[in-house]
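Reader: I would like to learn how to read covalent links, ring pairs and helix faces from a set of coordinates. Could you take me through them slowly, with the general idea before each case?

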Amino acid sequence: MDQGSSRLVAVVAVLLALVGFLSGALVGPYMNPRYVTETVTVTTTALTTVTIAKTEFLPTTTTVTKTFTITAVPTMRITVVTTSLQEQPSRLRVGESKTYTFSLPTCRYRAIEVYLERGSTIAVEWDSDRQVFVGVGTKQELDALLSNKLCLSAHMEFRLVFTHDGYGYSGRIEYRAPYTGTHYVVVFTGWNFGTYTADITLKITRTS
């Protein structure tokens, strides 16, 4: 090899060495297995606003309105219809009678005056398509009942006031006069939630 060739080879060798050095300096740290790469785990907390549509089924109250029609007695007070006997049983012969047929709405009285001598007796019989109260008594007993103007109270007290009384669709009462004077046969239709009219047949008979 001549001197020129030797010089060329030497230059090339120097160039190759230089390239190798540069390559090691630039690439070496990344390719060198002794190079330690530190891995850092970073935990981040992300605040995320989430909109939740919440549907609540609230208890519902259903109000059912029921309408009841009650026909009540307008004043809820008692009314008295007084009738005097044209022919008093005391003046009848024993066995003779007087019969009344009439209609009576709810919460109404019919008080029939009868003149009796002390010790004389009568029998009072009734028949009605409705249950009614029937009593035979004195003026004091009638006044005691009429002092309470409320129909319901009178309904409850009728049989407490009259010593001689009955209740129902039909019945019979015997009455002996404790004094001479006017006595009363009272028919009362009583209290009811609805109005009605009772058809009544009343018979008063002189028994002694």
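This is a predicted model: local features need pLDDT of at least 70, side-chain atom pairs count only at pLDDT 80 or more; totals for chains, interfaces and linings use all residues.

Author: A disulfide is a covalent bond between the sulfur atoms of two cysteines. Here such a bond joins Cys 107 to Cys 151, with 1.8 Å from S to S, and the angle of -95° about the S-S bond makes the link left-handed. The two partners come from distant parts of the chain, since Cys 107 sits in the loop between β2 (97-105) and β3 whereas Cys 151 belongs to helix α3, 44 residues apart.

Reader: How many disulfides does a search of the whole structure find?

Author: The search finds one.

Reader: Is Cys 107 buried or exposed, and what about Cys 151?

Author: Buried means under 20% relative accessible area. Cys 107 has a relative accessibility of 0% and therefore counts as buried, and Cys 151, at 1%, counts as buried too.

Reader: Which residues of helix α3 are buried, and where do they lie when seen down its axis?

Author: In α3, which spans residues 151-161, the buried residues are Cys 151, Ala 154, Phe 158 and Val 161. Seen down the axis they fall within an arc of 85°, so they line one face of the helix. The face turned away from that buried side carries the exposed residues Met 156 and Leu 160. The elements covering the buried residues of α3 include β3 (108-116), β4 (121-137), α2 (139-146), β5 (164-176) and β6 (181-188).

Reader: How should I read the aromatic pairs, and how many are found in the whole structure?

Author: A pair of aromatic rings is described by the distance of the centres and the angle of the planes. The search of the whole structure finds eight aromatic pairs. One of them is formed by Phe 133 and Tyr 167, a tilted pair with 4.3 Å centre to centre and 35° between the planes. Phe 133 lies in strand β4 and Tyr 167 in strand β5, so the pair ties together parts that are 34 residues apart in sequence. Phe 133 counts as buried because its relative accessibility is 4%, whereas Tyr 167, at 34%, counts as partly exposed. Another pair, Phe 158 and Phe 188, is stacked, with 6.0 Å centre to centre and 20° between the planes, and it links helix α3 to strand β6, 30 residues apart.

Reader: Which residues do the ring pairs link into a cluster?

Author: The cluster consists of Tyr 109, Phe 133, Phe 158, Phe 162, Tyr 167 and Phe 188.

Conventions: Residues are numbered from 1 along each chain as its sequence is written. Side-chain values use heavy atoms; hydrogens and water are left out. Buried means under 20% relative accessible area, exposed over 50%, partly exposed in between (1.4 Å probe, protein chains only). Helices (H or I, at least four residues) and strands (E, at least two) are DSSP runs, numbered from the N terminus. The arc is that of the directions from the helix axis to the C-beta atoms. Contact means heavy atoms within 4.5 Å. A disulfide is a pair of cysteine sulfur atoms within 2.5 Å. Rings of Phe, Tyr and Trp (its six-membered ring) pair if their centres lie within 6.5 Å; planes under 30 degrees apart count as stacked, over 60 as edge-to-face and the rest as tilted.
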